[in-house]
Amino acid sequence: MFESLKSLWKKDESAAEEYDSQATLLAEDIQALEGKLEKDPRNSDVQKQLMLMYNRALNVFAKSKQHRQDVDSLFLRIDELRNIIRRNI
């Protein structure tokens, strides 16, 4: 009887590892796009791609054990990107 209840609370480690690997890949992609944006802040294509990456990363980072602490800094970078976009308009 209790075995079925225990299985409900048991976390799936493979799912956690999957989120960690996705978060690592997203972090690398974000870093590359931020480098491109630093070279050319007026590049609207990079701005759009970066905003999409940030939004995708929020969900994955929140579920990742390794990158969970980066969610707050991600919100700050989103605000900075919005400010850059506003200045360029």
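Student: On what basis are residues numbered and features reported here?
Tutor: Numbering runs from 1 along each chain as its sequence is written, and side-chain values use heavy atoms, with hydrogens and water left out. The model is predicted, so local features need pLDDT of at least 70, side-chain atom pairs count only at pLDDT 80 or more, and totals for chains, interfaces and linings use all residues.

Student: Which residues of α4 are buried, and why do they line one face of the helix?
Tutor: Helices are DSSP runs of H or I with at least four residues, numbered from the N terminus, and α4 covers residues 71-88. Buried means under 20% relative accessible area, exposed over 50%, and partly exposed in between, with a 1.4 Å probe and protein chains only. Seen down the axis of α4, the directions to the C-beta atoms of the buried residues fall within an arc of 65°, so these residues line one face. They are V71, L74, I78 and L81.

Student: Is Q31 buried or exposed?
Tutor: Q31 belongs to helix α2, residues 13-39. Because its relative accessibility is 57%, Q31 counts as exposed.

Terms used. Helix = DSSP H or I, 4+ residues; strand = E, 2+ residues; numbered from the N terminus. Expected span 1.5 Å × (residues − 1).
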